[in-house]
Amino acid sequence: MSWLANLYKTYENHTRDVGQFEKKKNNREYALIPVSHTTQSAHIEVNLDGEGNYLSAKVIDKNEGSTIIPCTEASASRTSAPVPYPLFDKLVYVAGDFVQYCGEVKGTPHTDYMKQLRSWCESPYGHSKVKCVHEYLAKGTLITDLIRDKVLWIDGQGKLIEKWTAALEAERGEKPDIFKVIVSDQSAAFIRFAVQVPGEVESRLWRDPSVQQSFIQFYEMSLKEKDLCYVSGELLPYADKHTSRIRNSADKSKLISANDSDGFTYRGRFRSSRDAATVSYEVSQKAHNALKWLIERQGITVDGRVFLVWGIESLDMPDPLGDTFSLYQDEDEEPTGGDSTHKEFANQVRRAIGGYRYDGNYTSNVIIMVLDAATPGRLSMVYYRDLNKEIFLDRLQAWHETCYWQHRYRKSADNKNITFIGAPATRDIAFAAYGPRANDKIVKGLIERMLPCIIDGRKIPLDIVRSAVNRASNPVGLDEWEWEKTLSITCALVNKTFEREGFEVALNTENKDRSYLFGRMLAIADVLERRALGREEKRATNAVRYMNAFAQRPSRTWTIIQSNIQPYQARMGTDAGYYNRLLDEVGAQLEAENFTDKPLSGLYLLGFYSQRNDLYTSKKNKEIGTDIEQDQENNEQGEII
Amino acid sequence: MRNQIEFEVSGRYALFTDPLTKLGGEKFSYQVPSYESLKGIVESIYWKPTLTWVVDEVRVMKFIQTESKGIRPIEYSGGNTLAYYTYLKDVHYQVRAHFEFNPHREDLMYDRNEFKHHNIAKRAVKAGGRRDIFLGTRECQGYVEPCVFGEGAGDYDEVPEIDFGTMVHGISYPDETGRKERETRLWRAKMQHGIIRFIRPEECTLVRKTGEGAVKAFSSANMQDVDSLYEEMFVDGGSE
């Protein structure tokens with residue numbers, strides 16, 4: 001199905017969530033907005049009684065300001081020209097005594113507002129509480145009432161104070177609440193109404209579904225012009241303008257914009273945008289509202305680019321951009337770290353992903369959508385995939401099972417280092433390839449490029465792997481922990497690149513690959529020297545220092561490393577025997593004609609990691625098949641064995 | 001079917017613009033080619049005003065993948081702007097189409113020679129088309145080769161059905177309908193085991209008028225018939 005149709009369907013599947021506020025982590029509220037409505041943050045709440053008399057008013061706290069307001073197509077996209085919202089709006093529209101307190105205004109905002117409100121009240125769909133609001137506002141005393149109630153403040157000339165200055169502070173004491181919630185002056189305050197009728201629980205008009213329904217029906221009535229909808233294929237009232245503010249409340253860009261007549265877009269074959277394509281009002285509203293809701297709920301934003309994954313029936317899907325560890329979080333699963341077999345690990349991934357599978361719907365789809373704007377006005381879909389849920393989960397599972405390595409950079413909830421086996425998060429891949437200070441533009445580009453690798457099982461672009469290998473080969477330039485993180489992520493990427501050869505974290509002593517063997521030798525040299533240096537000595541070993549050169553010219557650099565570790569071998573005496581024997585063993589596996597200066601492939605990192613990991617795992621632990629407790633920072637593992 | 005040709009068309013990119021994204025200029029491709037874009041490809045292979053091509057079916061051979069690119073579109077009044085276009089990547093289709101004589105072209109009645117046109121069309125497929133082939137938009141070059149429809153393995157062979165919802169089927173031009181109107185046709189596209197079977201243009205029920213036009217008239221003033229050309233070239237009946 002097309003993207004808009006899928007969004008529309010998502011809305012229809014979640015109609016029970018319409019108008020229900022949920023809280024995000026940062027305490028901001030969001031909701032699936034009904035048709036013909038939008039959200040605004042209100043500053044002042046006015047309470048009225050059932051007869052349309054003023055009761056009280058208060059300034060609203062910033063976190064509670066989010067208000068669902070009815071809106072028309074024209075008001076939703078108003079700019080500088082005054083177009084009133086139907087019910088809640090700024091003072092300039094709702095207050096009849098605005099001119100008295102704030103001076104002249106352009107146009108006739110209040111009259112327009114009252115006219116629109118009256119036609120709603122008088123329509124067959126009018127609502128009794130909305131009539132109360134109309135009755136009260138017709139008196140034209142709103143600002144006067146608010147001033148009397150000490151919500152708004154006037155200066156000596158009887159005008160609203162524009163700015164709370166230090167002089168006023170000295171004169172009148174503490175800063176009133178209204179100046180804390182409004183950035184500009186008081187006249188820009190946005191008003192919402194509550195009507196208290198005895199016996200009715202919901203007085204807040206912006207939370208009352210019957211008011212929302214009343215407006216939806218009233219507005220539907222006013223839409224007369226029907227046209228063929230390109231999404232639903234039905235003859236329905238047609239949407240002239242489409243929603244903006246999709247990614248966030250300050251975002252002016254639209255997914256469907258129809259005002260572009262300066263570029264070569266549709267002209268030539270069509271004269272007007274309407275000739276080129278039409279979308280019905282209902283579909284446009286519902287689809288856009290669903291999209292906004294989804295972005296608030298589960299979208300990830302990097303430098304303005306929104307990454308969004310959802311299921312049309314059940315919204316929550318495992319995040320393809322997350323690492324394997326984050327998959328386990330929802331489960332009570334304790335990730336088995338260390339040298340667990342690949343089969344065991346694969347089972348674990350299967351269990352974690354399996355949780356999303358059998359909810360009874362086999363034909364359900366998963367949508368992956370990436371949105372970004374090249375210019376401020378227009379939003380573009382940069383990536384879109386519509387996948388069968390089972391296929392999506394299969395692919396995701398395959399990704400976690402093939403692009404995997406052993407990682408130690410994650411911390412658990414109680415701030416303990418965790419060893420887990422699995423795939424790294426896409427964002428971490430970006431940092432591994434381009435460094436922790438990588439520009440957001442590069443990160444978002446990489447995430448988009450990685451998506452096909454995860455979702456379609458395509459090869460990881462070579463430049464990404466190469467860049468990560470280069471960074472992992474240069475430990476001297478990085479902090480210890482950062483290098484370890486880069487190394488394990490790079491190993492995962494390299495492992496994925498050489499997927500067919502089936503490398504595992506556990507050391508493969510049979511592998512005769514030149515790069516792998518060189519990597520193992522480097523690891524032995526590293527562990528040997530580390531052990532000789534002892535626990536206190538923190539400086540980098542020769543092996544680590546020459547790693548970069550070693551990757552480029554292994555044979556020549558190896559002679560340097562070997563001569564440099566000579567003193568340590570001598571210092572350790574017989575203790576070095578095991579390492580020496582191992583070195584000879586690995587060296588013997590290396591064919592003489594392979595002992596050249598040809599640069600090493602990324603595989604040497606796997607050899608390095610596996611060999612080092614093997615040496616740091618004590619014999620005893622190897623026998624029972626579990627990993628020893630390893631302390632990342634101290635790197636004290638050299639003492640064991 | 002009579003007068004049928006079968007060919008495969010492939011390319012690195014394709015952009016069958018979704019009309020909704022065309023308005024603003026941030027073009028985004030349909031997941032599969034529309035009837036009209038395939039008809040355009042067939043017409044690039046071989047066309048005469050005498051004929052109308054009918055696309056019967058298309059088989060999607062490769063997984064649908066998208067890739068976005070930053071594009072600098074041309075503005076009417078000059079200046080710079082930037083847009084993201086999202087293309088289909090690495091596409092490969094098998095197409096089956098046949099021609100019929102255009103009933104609204106009575107002026108070209110004398111040219112209705114089935115064998116001639118069918119043989120020319122088959123030769124044109126073998127040659128990779130008479131004009132340049134493009135997949136949706138001009139920047140997406142396509143390549144045509146003869147094939148046997150349904151042969152070879154496709155990536156969607158095992159997928160029972162994918163519903164693409166409402167899509168543009170194509171545009172009816174005056175010389176195909178005989179009316180002085182340009183109409184846009186919509187239909188509900190479905191792919192079964194990788195194959196989309198198109199309904200015929202006149203079977204589309206969702207049609208809206210999107211412009212006017214007129215039929216171009218052909219006469220001896222702007223067209224020469226092949227027999228008179230032959231006589232002109234070979235005065236003696238070509239016996240030499």
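## Interface of chains A and B

Across the interface of chain A and chain B there are 3 salt bridges (a side-chain nitrogen of Lys or Arg within 4 Å of a carboxyl oxygen of Asp or Glu). B:Arg208 forms a salt bridge with A:Asp227, with the closest N and O atoms 3.2 Å apart. On the side of chain A that touches chain B, strand 14 of chain A gives the most, with 8 residues.

Chain A and chain B bury about 4,000 Å² between them, 55% of it on carbon and sulfur atoms. That area is the accessible area (1.4 Å probe) that two parts lose on being put together, summed over both. A:Met1, A:Tyr230 and A:Phe264 supply 16% of the area that chain A buries against chain B, more than any other three residues.

## Basis of the model

This is a predicted model: local features need pLDDT of at least 70, side-chain atom pairs count only at pLDDT 80 or more, and totals for chains, interfaces and linings use all residues. Residues are numbered from 1 along each chain as its sequence is written, chains are lettered from A and ligands numbered from 1 in the order written, and side-chain values use heavy atoms, leaving out hydrogens and water.

## The sheet in chain A

Four strands form an open antiparallel sheet in chain A, in the order 11-12-13-14. Strands are DSSP runs (E, at least two residues), as are helices (H or I, at least four), numbered from the N terminus. Two strands pair if DSSP finds at least two bridges between them. Strand 12 (residues 305–311) and strand 13 (residues 365–375) of chain A are joined by 6 bridges. A:Leu308 has A:Met369 of strand 13 as its bridge partner.
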